[in-house]
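Welcome, and let's take a look together.

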Amino acid sequence: MKRRLLIALFIFGSFFGSTVAFADAATEAATAADPVAEKRLQKLSEELRCLVCQNQTIADSNAELAQDLRREVRTMIKDGKTDKEIVDFMVVRYGDFVLYRPPLKAITLLLWGGPVALMVLGLFILLRYLRRRTARINAEEHPLSADETSRADALLKEIESK
Amino acid sequence: MNRYFWILGAFAALVALLAVGLGLNPRDVPSPLVGKPAPAFNLSVLATPDKTLGPKDMQGKVWLFNVWASWCVSCRAEHPVLVEFSKNANVPLIGLNYKEVRGDGNFDMSKIPADEEKKLAFQRAEQWLAQHGNPYTLTVMDIDGRVGIDYGVYGVPETYVIDKAGLIRMKHTGPISPDVLAQKIMPLLAELNK
């Protein structure tokens, strides 16, 4: 019962959310006549962080500042600015934090390299574990080497023959 | 035994890392503007709308630039600190009234024409300062928030310390507490005014 309610809520939520997003997109599309420019605006907005809501892009966010920044980007596109010029405009004012893809710098080295380093460490630990495990299983299954087995057999035979 | 020691150590390191991370203020985004010239503007002055003011007019002085609006709740919390500061300050405190009308959220901007918005903004700003006290040497009106974007404003109130050469030396996001004023801003002002 509880589960069904949750599922219903989830479906309702996603439906409601999508209609809101759609309505917003529709009003903005109406203000822009040029579909190419609008596509660029959409793409750029998805690269830029809204500083008020921090974990949303200015494309997703409906905060005042995000609206202002979208308007700003739109004006710059109209003025024929390149994508790089527009992104630089934002970085000069709000810093690297405004970029959803932080640039590779000394200060972001851990951010970019961290996951790779962790994976390499994980692989190393896994390999070491597997190697030891194989060695242990081998030792359990074949506790004696072939040479030792034949010697043991010989000894057993010697005892039996006595 | 040795093995548990390592796991425990790794766990403790993770906890320490997260504890430090939680202690940081995510709003405290370092401003790239520190050390750069204060972006130019030329905006109408609140008390005398036919006059304008820009950073060029402040050249040769150390000054504080404080972003505020009547709808901004944190600004109200900060206000007494600024009023107290202005009583015995030896540096000008310039206010930037940021999006007084359109920032409010209680107005349907599609129904308010530009000249109406301007009139309303001046009116509201005057009224707020009359009610809560006016610590500002002058306030300039950024009605559409365009100058705010140049200054990287994202959380009103914000305060900038600008030196004699017109360079931004410090930016504080959020309300100025008496502690911030006494420990960060006042020493910097004293140093810059030497």
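## Overall dimensions of chain B

In this predicted model, chain B has a radius of gyration of 21 Å, whereas a compact globule of 194 residues would come out near 16 Å.

Of the 194 residues in chain B, 33% count as buried. If you take the contacts in chain B between residues at least 6 apart in sequence, 75% of them join residues at least 24 apart.

## Elements and confidence

Chain B holds five helices and seven strands. Starting at the N terminus, they follow the order α-β-β-β-α-β-α-β-α-β-β-α.

As for confidence, chain B has a mean pLDDT of 91, with 99% of its residues at 70 or more. The model has an ipTM of 0.79 and a pTM of 0.74.

Now for helix α2 of chain A, which spans residues 35-47. From first C-alpha to last, its 13 residues reach 19 Å, close to the 18 Å expected at 1.5 Å a residue.

Which residues of α2(A) are buried? They are A:L41, A:L44 and A:S45. These residues share one side of α2(A), because they cover an arc of only 100 degrees around the axis. An α-helix has 3.6 residues a turn, so residues three or four places apart point the same way. The cover over the buried residues of α2(A) includes α3 (64-78) and α4 (83-94) of chain A. On the other side of α2(A), A:P35, A:V36, A:K39, A:K43 and A:E46 are exposed.

Notes:
Residues are numbered from 1 along each chain as its sequence is written. Chains are lettered from A and ligands numbered from 1 in the order in which they are written. This is a predicted model: local features need pLDDT of at least 70, side-chain atom pairs count only at pLDDT 80 or more; totals for chains, interfaces and linings use all residues. Helices (H or I, at least four residues) and strands (E, at least two) are DSSP runs, numbered from the N terminus. The radius of gyration is taken over C-alpha atoms; the globule rule is 2.2 Å times the number of residues to the power 0.38. A residue is buried if 20 or more other C-beta atoms lie within 10 Å of its own, exposed if 12 or fewer, and partly exposed in between; C-beta atoms are placed from the backbone. Two residues are in contact if their C-beta atoms, placed from the backbone, lie within 7 Å. pLDDT is the predictor's confidence in each residue, from 0 to 100. The expected span of a helix is 1.5 Å times one less than its number of residues. The arc is that of the directions from the helix axis to the C-beta atoms.
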